[in-house]
Amino acid sequence: LMRCCWSDMKSVHHSVSVFFLQPVAAGSGIPEIKCYLNGVKVPGVVRLRTVVCKAMGVLFSVAGGLFVGKEGPMIHSGAVVGAGLPQFQSISLRKIQFNFPYFRSDRDKRDFVSAGAAAGVAAAFGAPIGGTLFSLEEGSSFWNQGLTWKVLFCSMAATFTLNFFRSGIQFGSWGSFQLPGLLNFGEFKCSESDKKCHLWTAVDLGFFILMGIVGGLLGATFNCLNKRLARYRMRNVHPKPKLVRVLESLLVSLTTTVVVFVASMVLGECRQMSSSSHSGNDTLSLQDMSEDINSSIKTFFCPNETYNDMATLFFNPQESAILQLFHQDGTFSPVTLSLFFLLYFLLSCWTYGISVPSGLFVPSLLCGAAFGRLVANLLKSYIGLDHIYSGTFALIGAAAFLGGVVRMTISLTVILIESTNEITYGLPIMITLMVAKWTGDFFNKGIYDIHVNLRGVPLLEWETEVEMDKLRASDIMEPNLTYVYPHTRIQSLVSILRTTVHHAFPVVTENRGNEREFMKGNQLISNNIKFKKSSILTRAGEQRKRSQSMKSYPSSELRNMCDEHIATEEPPEKEDLLQQMLERRYTPYPNLYPDQSPSEEWTMEERFRPLTFHGLILRSQLVTLLDRGVCYSESQSSASQPRLSHAEMSEDYPRYPDIHDLDLTLLNPRMIVDVTPYMNPSPFTVSPNTHVSQVFNLFRTMGLRHLPVVNAVGEIVGIITRHNLTHEFLQARLRQHYQTI
C-alpha cells in the first residue's frame, strides 16, 4: 500500500511539473527531435525549461513504477543541451548572456542538436557508434561528411564522461571506466559445464526469422492500439482542462500498481531455488559488478528456499528484469512469461502517450525479452532442442519486438551489439530487425512516425514514390505569390508582414519587355507565363489584401498618407532594365513602389505583368530592418540608407521580434527600404518542368525552406515549400493529374 501511495504521489508530481511548466516535455521527445532535425521548428522543444521538466519528470515517472524508460528522454535532453550550449544564452535565464557571435544559424543549430541526440543515445546504452547512426538514420535530414566525425566525437565524449562518474561513484575507483552506459546487457556466455550449449547456430536462424515476423506483428499491434489511444486522448482528454491529464496519469499509475500487486500474488508461482541459483553463474559478472544477478530474485510471500517468478519480473527495476531474462536459467515458467508479456504489453501501450516524460526503448526490450524467453522455454520443453541458449533467444525477442515498434534497423543493430559486447550477434540481430521492420511496415508505420503524423507535422520522407515523377514542379508549386520590390515603402512592408505568415518573399521587378512580347504572341514567353496565368493572384488582388491590414496601422504612422500624392512616371518604352541599372549606379534595381494603387479596369496586359526574379528576403530580415529603422526618403538615394552588418542582422537569433510587437510610430510610412543588400541573390531555383523527384532531393539534401520556380527567361512563376512536398499533398496533386489526362 505504501508503494501504491508513493507511486501515485510521484505521478502527480511529474504530471503537474510537465503540464504547468512545459507541456512539450511530455512523451519521449524523439518524435519532436525528429521533426526538428527534419527541418520543422516545434515551439519550445529545445528550451532550457523543457530539459529541466524532462529530467525531473522522468526521474519521478521511472521511480514511481510506471512502465516507461529513461532512454528516450535522455535523447531529448541531449538534443536540448546541444541546441542551447553553443548559443551561450537562454530565454529562461535572461541574465546569462555572452557576446558569442558564432553558430548563429539554423543549420549550425541543427548540427549541434544532431550531436546532442547522438550523445543521449551513447550515454543511455554505452553505444557511441550506435548513437551516431541513430542520429543519421532517425534524426538528421541534412547530413554532411564533416558532421560525421563531430557527432562521433561527441558520442564518445558522452559515453566516457558517464562511465567516469558512474564508475567513480559506484565503485569509488575514479578513472577505472567500468560502467559504459546506463543500460548494459551483461556478458552472454554458455556455462562451462554445459558442453551442448551454443550461443546460436545456423539452425537457429530459421527460428530468429520466425521471431522477427511475430515481433513485427506484435509491434504493428502495439502501434495500432497506441494510435487509437492517442486519437482518443486528442479528442476527449487534451481539449479539457489540464487537471484531466493529471487525473489520467494518476489513473494509469494506480492501475499499474494494482496490476503488479495482484498479478504477483495471484498469478505468480513459488518456484524452488536451484543450486545453480544459489551459486550463480560465474561467467555472468560483467566488469566485477558488485551484485550478482541472482540477488535480485524476489520471494514475495513465498516459503523459504522459494521465490516468486512473477514478482521477480515486476518488482525489479526494468534493467534488472532484463538481465534476469537474459542470464537466469530455468527461473520462469511458460505461463508466467505469457501472462507477464500480456500485462506488460497492454500497460506499456496505455502508458506511452500520457502527459509524462516517458521512453519506450526499455519497456519494449523487456516485453520482447519475455517473448523470446518464452520461445526458448517452449523449444526446450516441447521440441527438445537442448543446445539453444535462452539468453540469445531473449535478446532476439527483445530486438524483434523493439524493431517491430520503432522500425529502426542499422542504428538499433549497432546499439544492441555494443550493449552486449558480442559481435557474433550481429548477423542474427540484423536479420531479425529487418524481418520485423518489413512485417510491421506492411500494416502501419513506426511508433514515432505515427505520433509525428498525429501532430500534423509536414515531415519529409527519405525519397518520393516512383509514380510521383509523373508530376512536375509546375504541378505542385504555389503560384499565388506574395512578393516585394527591391525598393519598397515601409507602408507596404508592414502590410505584407501583418497579413501573411510566410517566412520568405521573392524580390521581383516588373519585366515590361517580356510583357509586350507576351501580348504579341511570342511562343517562348507565352509558354513560360502559362503556369501562372490561370491562377495567379493579380496585382490588384494583392494590393487589396495588403490594404486590409492598414486598419491596424496606427494613425500616427499614416500622418502623411492622405496629403502626399507622388506622381508616378512610367519609364520610356525603349528604356530597358539594363539601361536603368547603368544609369542608377547607386542601386542595381529600378525604383519601383508597390503602393501604386492598381485599378479594377486594368487590361490583361496590366494584370499579367511578368515578374523578373532577383532573390529571396526572409521575414526575420525584413522585421529586423524595420526594427532598426533602416530606410531612406524619396528625396535621397539608397546609398544614404544605413547598413547593418551580419552580426547586427543575426543579433536577435533565434527569436526575432514579431511584426505586431514593433513600435513603428517614429517611422514615416512613405519612407523606402532597400532590401537588395540583405536578400539572397542566388538561391536554389528549379525550372517549371523539373521532375518532382529532383525537386524533392534538392529540397531535402540542401536543407531548403523555400524553392522558387523560375522559367527560362528569369521570371518567377511560383514557389515550393515543405508543404508542397508532403506525401499527402503529392498524392492529392497526382490524383488531379490523373483526372486531367
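**Disulfide, helices and annotated spans in the predicted model**

The structure holds 1 disulfide, the term being applied to a pair of cysteine sulfur atoms within 2.5 Å. The model is a predicted one, in which local features need pLDDT of at least 70 and side-chain atom pairs count only at pLDDT 80 or more, whereas totals for chains, interfaces and linings use all residues. Residues are numbered from 1 along each chain as its sequence is written, and side-chain values use heavy atoms, with hydrogens and water left out.

The disulfide is formed by Cys 270 and Cys 302, whose sulfur atoms are 2.0 Å apart, and the link is left-handed, with -80 degrees about the S-S bond. Cys 270 lies in strand E1 (residues 270-272) and Cys 302 in the loop between helix H10 (275-279) and strand E2 (306-308), so the pair ties together parts that are 32 residues apart in sequence; helices (H or I, at least four residues) and strands (E, at least two) are DSSP runs numbered from the N terminus. Cys 302 is buried, with a relative accessible area of 12%, while Cys 270, at 44%, counts as partly exposed; buried means under 20% relative accessible area, exposed over 50% and partly exposed in between, with a 1.4 Å probe and protein chains only. Cys 53 is likewise classed as buried, at 3% relative accessibility. Cys 224 takes part in no disulfide, the nearest cysteine sulfur, that of Cys 349, being 9.0 Å away, and at 33% relative accessibility Cys 224 counts as partly exposed.

Helix H5 (residues 106-125) has 20 residues and should span 28 Å at 1.5 Å a residue, which agrees with the 29 Å between its end C-alpha atoms; the expected span is 1.5 Å times one less than the number of residues. H5 is mostly covered, 15 of its 20 residues being buried, and is followed by Gly 126, whose phi is positive, near 65 degrees.

The buried residues of H17, among them Ile 429, Leu 433 and Val 435, pack against helix H8 (204-236), helix H15 (390-406) and helix H16 (410-420), contact meaning heavy atoms within 4.5 Å.

UniProt, in an unreviewed entry, places the feature "transmembrane region" at several spans, including residues 112-135 and 243-267; such annotations may be inferred rather than shown by experiment. Residues 243-267 are 100% helix and 0% strand, with end C-alpha atoms 35 Å apart, whereas residues 112-135 are 92% helix and 0% strand, with end C-alpha atoms 11 Å apart.
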